[in-house]
Amino acid sequence: MCQQSMEMLPFENVLEIILAFDKEGMIVYGNAAAREKLGYDQGLEGLFVGAVFPGAFQKDGGGWKAVYPFGMKTHRTTAYRKNQTCFPTDMRVLVQEQSDDYLCMANDVLEKEFLSHELEQVKQEAQDAMRVKSEFVANVTHELRTPVNGISGQVRELLPLETEKEKLRKLQLIERCCGEMNKIINNILDFSKLEAGKFQLEEARFSIRNTIDYVMASHKGRITEKGLDFFVTVSPGVPEYVVGDELRIVQVLNNLLSNAQKFTSVGKITLEVIKTAQTKDSQELFFLVCDTGIGIDPKDQEKLFQSFSQVDASTSRKYGGTGLGLSICRQLVELMDGSINVESAKGKGTTFSFSVWVGRDPETEEEEDNSVQPRPMISFGGSAPQEEQDASRYGTASNHEALEKNLSKLILSVEMENWEKAEMFMETIRQLTADAPQEVSRAVLRLKMAIQKENYDKISTGLETLKALIDEEP
């Protein structure tokens, strides 16, 4: 094969030494790496391959013989430069198909070891830099927290003593600012731990309903102060006790509800918890936080979960925040084997949904497995109690009939734009599919979210998907 045609092959600029030689053992091509590393600036053509690798190739009469077998397996041997200095290599020899030529490919062992050492050194330096940064952030946040807590403590002592309304208002403002400052400090510290890979979840048994009550109590005051409605629903299928990191679930909910309250001036905020899947040892909880606030343009939604990022600069100026909250939420949810998503439209509100996997409580698992879970009573045209029980069990003939009737009523309500009735029928459908397979439960959730947002396109798609899944059931 001629030199020009060899240079057209993808060998010329690879990093390893590549030599092509003929059946007499004479080199017909050496790539750029071979010319540079072996010191043959004018090329290696016409040189016997054994002059470069004397330990691998030997003359044999008018031809040559290889010391090592052909193939992809590498062999340690020595390569000699033009000036007779040498260096160790890992070499292999291949036969070119449809040609009488052979390919010798070799890597400089010393260079490979050097690069490996350099890579390890760079990796170690990066780890050291991350450690120093984490220690710095931890120290700074600790130093910041001390004066902030001192100011907050003094203000709390002054609040009961102050009688003038204007001074009392200013003290309350200072106390609220201290609380916001502590939230920012905690976010920076959490972000630093997550970035360094040192964040660990704490698994413990807790009551999910008590947790939701605590979250609701924490936000109810501020939400209702703005004249907003606040609705909280926990599905009957959600167990009483679970095993997981309660603090981090609360942290995610607090962030989402704070954002909902911050960006909503009229309407309502809703929080809903549903169990969507279960295995032998764990179960998936699905959370929905919906608001009727300013909404987010679809093209800006990808920025939401990026660190130090907000939709635009005006958002930060008007509403404040570091842009870390949702990034931390995403990482926390993923640590709990879940995912977080957003659906929104400008001026039409926002729905954040996230799922987490939690452990089943060993103390109540057997009791819950052997007991009948409470379900809301559903009446279908004066059915007998046994028929009502059959209707509430997904997959039965009565259940399928009830679903068809409620879906028809739901479609009529949507066409008449009677959203209150549409949500009522949607809730009945959700109850009728409480024990349905996961894909059906998720389709119901997506349809419910579309109805809450009054999104006709997604309602239409959601109805088609749900009806198809229901019709597939035997």
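In strand 14, Thr351 is the bridge partner of Cys290. Strands here are DSSP runs (E, at least two residues), helices are DSSP runs (H or I, at least four), and both are numbered from the N terminus. The model is predicted: local features need pLDDT of at least 70, side-chain atom pairs count only at pLDDT 80 or more, and totals for chains, interfaces and linings use all residues. Residues are numbered from 1 along each chain as its sequence is written, and side-chain values use heavy atoms, with hydrogens and water left out.

**Exercise 1.** Is strand 14 mostly covered or mostly open?

*Solution.* Buried means under 20% relative accessible area, exposed over 50%, partly exposed in between (1.4 Å probe, protein chains only). Strand 14 spans residues 350–360. Ten of its eleven residues are buried, and the strand is mostly covered.

**Exercise 2.** Identify the residues that touch the most other members of the largest nonpolar core, then name the element that gives the most to it.

*Solution.* A nonpolar core is a set of buried Ala, Val, Leu, Ile, Met, Phe, Trp, Tyr and Cys residues joined through side-chain atoms within 4.5 Å.
- Step 1. The core has 37 residues; Ile249, Leu253, Leu256, Phe287, Phe354 and Val356 touch the most other members.
- Step 2. Elements that supply at least two residues each include helix 6 (208–225), strand 11 (268–278) and strand 14.
- Step 3. Helix 7 gives the most, with seven residues.

**Exercise 3.** Why does Leu326 count as buried, and which residues does Leu326 touch?

*Solution.* 
- Step 1. Leu326 sits in helix 9.
- Step 2. Leu326 counts as buried because its relative accessibility is 10%.
- Step 3. Contact means heavy atoms within 4.5 Å. Not counting residues up to four places away in sequence, Leu326 touches Asn255, Leu256, Asn259, Leu304, Phe305 and Phe352.
- Step 4. Leu304 is 22 residues from Leu326 in sequence, and 6.6 Å away, C-alpha to C-alpha.

Methods
Pairing = 2+ DSSP bridges.
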